[in-house]
Amino acid sequence: MTETGIEDVMGPHRFRNNQRMVPASESAWQLAADHGMLDIRVDATHGQNRLRDVRTGHEFLNLASCSYLGLNSHPTVVEAGVTALREERVTGLAMAEFRIRLDAAHRVEEELSALFGTRVLPSISCGVLSSAVLPLLGSGHLTGTDPLVVVFDRFAHFSMNFVKPVVADETLVLTCPHNDMDFLEDVCRRYPRVAYVCEGAYSTGGLADLEGIRALQERYGLYVYLDDSHALSTQGPYGEGYARSVFRELDERTMIVASTAKAFGSTGGIAMLGASSQFDFLYRSGPMGWSQGLRTAAIGTTLGSIAVHRSPELGVRQRRLAENIALFDRRMKDRGVRGTGSHIKFVTVGENERAVRLATELYRRGYYCSAMFFPVVPRGQAGIRLMLRGDMTAAMTERFVTVLEDVLDGFA
Ligand SMILES: *Cc1c(COP(=O)(O)O)cnc(C)c1O
């Protein structure tokens, strides 16, 4: 017998390559850690606008939070979590929810469906929803057909890309250049059943071509699986997000998922479906079965956030966010910052080391922004991502822009 070499056990690396990815990203993270930009421990009792590093006493405004409306610290939301625990007297039932669930969990499902005007399935996280749904979408079980060709947008979030190898074990998986409707149409012409996996408002800035996607759906029956995590709550009269501005009425060819741990201010994930979709099997054939449903505290905070979504306060916070975006864009125009019109901004500076230096200098001046590296962004295009929020005042936004301009001016 000959000795087994590394080539004999190495996988095909068709959709992921940890051998390459892990060392590349770890060297960047180490750089961030060396500058004290990771593992910052804070006291959050004064909110996201005034976090305090408990080890140094340094106070700063958090520009890395996805709680775009500040609902994560809204008294109604927090209090509803406490109340749910007190009333139910159990942190959760610790079993598969398709067998037995709290009546409050059923109530959450009904209230979310009523709020968003379509059938809504709640889950413990959006990541779990994508892992549960995408393989069954590929195999044809959502559509009750033969398998579908599944096309992932190149910029689709890690939580979706992560499932590619599993989907590829069921069907043909393709990767589409970002927002390339011609590529997608070509696939639609070539194959009878096609699904497109994408985001609504992309986590690194930019938007999906909703009209283009919609046109292909109408012409070819394209199935659309869209993750709108970064627009839920921030857009729409009831916070239904960006995608619903075009996909108003959902049918059996569209599913919109979103995390409720971001602007919604709770924790968990939701899938918005057409009213007639029957997907009970989803709970019995994957992560939604082995991961439990929302825990009691999350049921409470979700109900609390629904109450805020139904109040005029949602619009007030959405408008303040829009004003902060407009203010930022006005002041920062011509500086090459990506994400005009969006609450998610990206400043590209090039090499990893420069991104860490920029983030460190901003932190020193009282602002935490996330340095981001390959593989989240292409090699050599590292930078910082910053997110504006509707619970920041205009004065805070002004002050931040002044500091950012100043730091960029002196940045070699
Ligand atoms: C954060 C994020 C997720 C993951 O959401 P969880 O509910 O925490 O699993 C999924 N998709 C996108 C686009 C995200 O930004």
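Helices (H or I, at least four residues) and strands (E, at least two) are DSSP runs, numbered from the N terminus. Residues are numbered from 1 along each chain as its sequence is written. This is a predicted model, where local features need pLDDT of at least 70, side-chain atom pairs count only at pLDDT 80 or more, and totals for chains, interfaces and linings use all residues, while side-chain values use heavy atoms, with hydrogens and water left out.

**Stop 1: helix H7**

Select Val-166. It is found in helix H7, residues 164–168. Val-166 is partly exposed at 45% relative accessible area. The scale here: buried is under 20%, exposed is over 50%, and partly exposed is in between, with a 1.4 Å probe and protein chains only. The C-alpha atoms of Val-166 and Leu-136 are separated by 9.9 Å, and the two residues are 30 apart along the chain.

**Stop 2: the ligand**

The residues around it are Ser-125, Cys-126, Gly-127, His-157, Ser-159, Glu-199, Asp-227, Ser-229, His-230, Ser-259, Lys-262 and Gly-268. How does this shell divide into nonpolar, polar and charged residues? There are 1 nonpolar, 8 polar and 3 charged. The classes: Ala, Val, Leu, Ile, Met, Phe, Trp, Tyr, Cys and Pro count as nonpolar, Asp, Glu, Lys and Arg as charged, and the others, Gly among them, as polar.

Next, show the polar contacts (pairs of N or O atoms within 3.5 Å; within protein, one must be able to donate a hydrogen and the other to accept it, and residues adjacent in sequence count only if both atoms are side-chain atoms). A ligand nitrogen is 2.5 Å from an N or O atom in the side chain of Asp-227. At His-157, a side-chain N or O atom is 3.4 Å from a nitrogen of the ligand. Gly-127 uses its backbone: a polar atom there is 2.8 Å from a ligand oxygen. Taken alone, the ligand exposes 390 Å², and the protein buries 81% of that. Accessible areas come from the Shrake-Rupley method with a 1.4 Å probe; for residues, only the protein chains shown count as cover.

**Stop 3: a surface patch**

Select Ile-6, Val-9 and Met-10. They form a nonpolar patch on the surface, with about 300 Å² of accessible area together. Patches take residues with over 30% relative accessible area and no salt bridge; like charges are joined within 9 Å, and nonpolar side chains (Val, Leu, Ile, Met, Phe, Trp, Tyr) within 5 Å. Ile-6 sits in helix H1, residues 6–9. Ile-6 is exposed, at 54%.

**Stop 4: salt bridges**

How many salt bridges does the structure hold? It holds 18. Each is a side-chain nitrogen of Lys or Arg within 4 Å of a carboxyl oxygen of Asp or Glu.

Select Arg-189 and Glu-185. Their closest N and O atoms are 3.5 Å apart. Both lie in helix H8 (residues 181–190), 4 residues apart, about one turn of the helix. Arg-189 is exposed at 57%, whereas Glu-185 is buried at 13%.

Move to Asp-409 and Arg-335, bridged at 2.9 Å between the closest N and O atoms. Asp-409 lies in helix H14 (residues 394–409) and Arg-335 in the loop between helix H12 (313–332) and strand S11 (344–350), so the pair ties together parts 74 residues apart in sequence. Asp-409 is exposed at 55%; Arg-335 is partly exposed at 32%.

Then pick Asp-391 and Arg-389, with closest N and O atoms 2.8 Å apart. Asp-391 is buried at 18%, and Arg-389 is buried at 0%.

Finish on Glu-361, Arg-364, Arg-365 and Asp-406, linked in a salt-bridge network.

Terms used. A residue is near a molecule or strand if one of its heavy atoms lies within 4 Å of it.
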